[in-house]
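This report describes selected helices of the structure shown below. Please keep the sequence and the coordinates at hand while reading.

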Amino acid sequence: MQEEKYYSVRMRAAKNGSHEQGGKHISGGEILSTFSDMRHAVNALLEKGLTHSRGKPDFMQIQFEAIDEPIKRVKPLQIESNEVESVEIGQALSWRLLEKAGIQEQIIEKAYKHMTECSGIRGALLIDVHSGERMDDRKEKGVRVSRMDWLNTNFEKWADYYNNPKNLRVKEALVLATKVSEHPATVAELCWSDDPEYITGYVASKKLGYQRITKLKEYGDERGCRIFFVDCLEDLKEYIHYLEKETILVQWEEEDDK
Ligand code: PML
Ligand code: MG
Ligand code: MG
Ligand code: MG
């Protein structure tokens, strides 16, 4: 059977000029769309970029391109929510989870330092699990994971089955975490939002699943974080190519989780 053609649709928005001109990152988004759904996809991204609590953009770019390579279907990571009472407890839990994923304490400590030095980065930092050093050379851009999505009908079926909220932010983050953890070189991911009004973050890995932590930063803080702890990188270029260019569609079937 011939598969329907998909397009990668992406948006980025900034304030005080484009990202290249040193503007402040406001919002970004990724959708896989068919040609006939393109208007809907572009409108959804436009709406996202226009209404972000990081501010009103004066630069936005929305683009689409056809995907010619095969699309890989991947099951979503198992999701779990950890309610915590304070940021300190949340941060401590994120450390414990990262250690459980196999990362040494001094490496986590180093990663946290990189992150505070690099706040304002819009993509992810790639950290070597052996040295704790940053591996990518993308400076303030970081690595932006692209070409991934989860068709809404399937996402809603999953959300209904587990009684999970049909929250777009959770969906987008879970899609990204699922793609990232699918690569064998990823040991774990640590993330919290750069949205000042959103303080839930997560630690994710193939082994741990998607572990939400309800407080990882203080309200009002615009510093976000996305770190990929990476092992066995014989080929950093191949890894970055996977993150940026290979296409993943998250897909869930009830039988998968029985
Ligand atoms: C983001 O805002 O881009 C990251 C959100 C991470 C947490 C999403 C969740 O609540 O699970
Ligand atoms: Mg964001
Ligand atoms: Mg979609
Ligand atoms: Mg590969």
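Which residue with a positive phi follows α2? It is Gly 102, with a phi near 105°.

## Basis of the report

The model is predicted: local features need pLDDT of at least 70, side-chain atom pairs count only at pLDDT 80 or more, and totals for chains, interfaces and linings use all residues. Residues are numbered from 1 along each chain as its sequence is written, chains are lettered from A and ligands numbered from 1 in the order in which they are written, and side-chain values use heavy atoms, with hydrogens and water left out.

Helices (H or I, at least four residues) and strands (E, at least two) are DSSP runs, numbered from the N terminus.

## Helix α2

Helix α2 spans residues 87–100, 14 residues in total, and reaches 20 Å from its first C-alpha to its last, close to the 20 Å expected at 1.5 Å a residue. That expected span is 1.5 Å times one less than the number of residues.

Val 87, Gly 90, Gln 91, Leu 93, Ser 94, Leu 97 and Leu 98 are the buried residues of α2. Because these buried residues fall within an arc of 160° when seen down the axis, they line one face of α2. The arc is that of the directions from the helix axis to the C-beta atoms. Exposed residues Glu 88, Arg 96 and Lys 100 lie on the face turned away from the buried side of α2. Buried means under 20% relative accessible area, exposed over 50%, and partly exposed in between (1.4 Å probe, protein chains only). The cover over the buried residues of α2 includes α3 (105–117) and β8 (186–192); contact means heavy atoms within 4.5 Å.

## Helix α4

In α4 (residues 152–162), the residues Asn 154, Phe 155, Trp 158 and Ala 159 are buried. They cover an arc of only 135° around the axis, which puts them on the same side of α4. Thr 153 and Asp 160 are exposed on the other side of α4. Among the elements covering the buried residues of α4 are β7 (148–150) and α5. Asn 163, with a positive phi near 60°, follows α4.

## Strand β7

Met 148 is found in strand β7 and is buried, with a relative accessible area of 6%. Leaving aside neighbours within four places in sequence, Met 148 is in contact with Glu 30, Leu 32, Val 175, Leu 176, Lys 179 and Ile 248.
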